[in-house]
Amino acid sequence: MAEHITGLHVLGRNERLPERAPAARGSNRHRWDWRNGLASRALFQRLGSTARSGEVEAITAARPVKAARAKKKLEASWNNRTLINTFKLEFAMPILFTIQRNGREFRARADGGAAFFVGNQTSYSDKSSGTDFEGLYNVPSQALPRLLYDAAAQRGAHGFWADLIAPTARCEGNNFLTLNTYDRARFTWGFGQFAAHVPDGDFVRYFRDILQRTEVPEYFPNLAVRNGRIVKLSRDLEIPLETASDTRGLMDYLNPTNSAIEDAEVIAAAKLIHWSTQIPAMRDLQVAHMVATFRRLMKESDSRLGLDGRSAAICAVVCDIRHQGRAKYAAMLQALAQPDPLAALLKLGAIAYGTRIKTLRRALTDAEAIFAGKVWNRAQGDFK
Amino acid sequence: MSMSITDKLIEIAQAEWQRWGYSTKGLAGGGSKIAGIESKLPYVAYVNDYWRAVNQPTWNGNTPQPWSAAFISFCFKQAGAGAHFPYNQGHAGYCSAFIRKPNAYPGLSLVDPISAAPSVGDLVLAARSGGECVKPPSNYADALAKLQDGGWFCSHVDIVVAVRDRQIDVIGGNVANSVTMSTLAAQQDGTLSDPRFSWLGVIRNTIVR
């Protein structure tokens, strides 16, 4: 959504536009340079005395306007006041998300548009901790758009890594819009199931990057990255939401509790779903982060398991095990020492995660031709 | 005999990067290591060096103006671009100048990043947002139209210093409050694909001196 601002500010008798704004106006917040049309909203708001709420008056030069600037509409002088010209400004405005609930199903509207599916209410009990969780999940559901990961479409950008992540993506549902807010991670997102509870983990890194994108003022106007960390902007304060050891602030922002579905949780989910649906680069960013995660997993796993020369299929299973966390290095080392290491790796966690492993096995079979002959090369840090 | 300024431009950019302590930003999901910070000594004065290139001798690392375009102007000035570069304190300012006056600046042109792969010595232009920014254009065509009209929007520009398989190294000012070398993702054909940014153009630099 955009806020259109067209206006005119006529300078008063004793009012003078600054050439060097900070010193002249006594405030560092008011940046303005008449030569380049650089202008701050704050200055507009301060000078635009007749502006209505949500609008500001636009100002440009207090000096005679040159002929070359004829495109800008010139306004005539008025009494003793200064000539100025006008132009139109367009500021990004936050999209207004509203929630619709129908039984266990949650939908949202963006700026009054068509309602779109966010997720269904679900709950489960963690037997080990005795904790009851409640939250949202959205796959499998016919209501969720099929925005699926396609390895072939990503090969130009990522080469073979686009194929290496594909089996795990399939295990996770393959959908860029996958959401789950009902477990201890509190907010898990995307086809890579990036989880918010890990400090400096995949979700945190991904979220930092989306906050660099130009659509941020429309989706998360009160979040920013400062000194490499996500902060919440609150008046003049910057409240840290994550550190090297803690993401509770970020989890609280996205999903305040695990015991109920809050508006904040639905809205945060709706924002990510809407943004990722509308902007293809948001989906590409998920892919880039999944590839980065797998590059990291390969490097770490190689140093612990000695994967140099191992097949891409074996490496894909190792990465999937690490990504899901279903076995430890000791168990993987034992599996790798077996006559058929691929089969042995696929048995790890088979009782608890049988369905996932079946999907993984099928994905590897489907990718056989692409994986054939590819082996991990430690020296190059890549497959060859 | 006229010579391209590219080698000198890269040399200047790398020297500045060294002066700031080799700040780096990796690919998406990779880490970053930021050394010199604009508000600390001696870096606060280094920013003043850049502002002087666009006739703002009182501004420095502690004044609030974004200084990435001043950094670009400084590098071109030091590289000997002379009157072939329209030094300006805003990226939109110098882009608009060379687009509107192609005869005055024949060594600079804006091309579509979807089809044009950046080369060493070129510049890459991306949109930028912020609380004080007007809504930036979302693609090359919109940006070109706006710049042809003399319009202004928040943006960022880096200098391409190295090109590899699917990766481009760039150096820019005011990146994480430092002079930083960033690694960007590219397609196999060399075109920009880094999804962290909204790419508006590749500025072809064929300036000779």
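Me: Hi! In chain B, what share of the contacts with a separation of 6 or more comes from residues 24 or more positions apart?
Reply: Those residues account for 63% of them. Two residues are in contact here if their C-beta atoms, placed from the backbone, lie within 7 Å. Before we go on, this is a predicted model, where local features need pLDDT of at least 70, side-chain atom pairs count only at pLDDT 80 or more, and totals for chains, interfaces and linings use all residues. Residues are numbered from 1 along each chain as its sequence is written, with chains lettered from A and ligands numbered from 1 in the order in which they are written.

Me: Thanks! What is the secondary structure of chain B?
Reply: Chain B has five helices and eight strands. Along the sequence they follow the pattern α-β-β-α-α-α-β-β-α-β-β-β-β. Helices (H or I, at least four residues) and strands (E, at least two) are DSSP runs, numbered from the N terminus.

Me: And how does the radius of gyration of chain B sit with the globule rule?
Reply: It is 16 Å, close to the 17 Å that the rule gives for 209 residues, so chain B is as compact as a globular protein of that length. The radius is taken over C-alpha atoms, and the rule is 2.2 Å times the number of residues to the power 0.38. Along the principal axes, the C-alpha atoms of chain B fill a box of roughly 45 × 40 × 40 Å.

Me: How much of chain B is buried?
Reply: Buried residues make up 55% of its 209 residues. Buried means that 20 or more other C-beta atoms lie within 10 Å of a residue's own, exposed means 12 or fewer, and partly exposed is in between, with C-beta atoms placed from the backbone.

Me: Let's zoom in on α1 of chain B. Which of its residues are buried?
Reply: They are B:Leu9, B:Ile12, B:Ala13, B:Glu16 and B:Trp17. Seen down the helix axis, they fall within an arc of 135°, so they line one face of α1(B). That arc is the one of the directions from the helix axis to the C-beta atoms.

Me: What do they pack against?
Reply: They pack against α3 (68–78), β5 (155–164), β6 (167–175) and β7 (178–185) of chain B. The face turned away from the buried side carries the exposed residues B:Asp7, B:Ala15 and B:Gln18.

Me: Switching to chain A, how is it divided?
Reply: Chain A has domain 1 (2–92), domain 2 (97–288) and domain 3 (306–383). These bounds come from an automatic or database domain assignment.

Me: How many residues does the contact take from domain 2 and domain 3 of chain A?
Reply: It takes eight residues from domain 2 of chain A and 14 residues from domain 3 of chain A. On the domain 2 side, α5(A) gives the most, with five residues.
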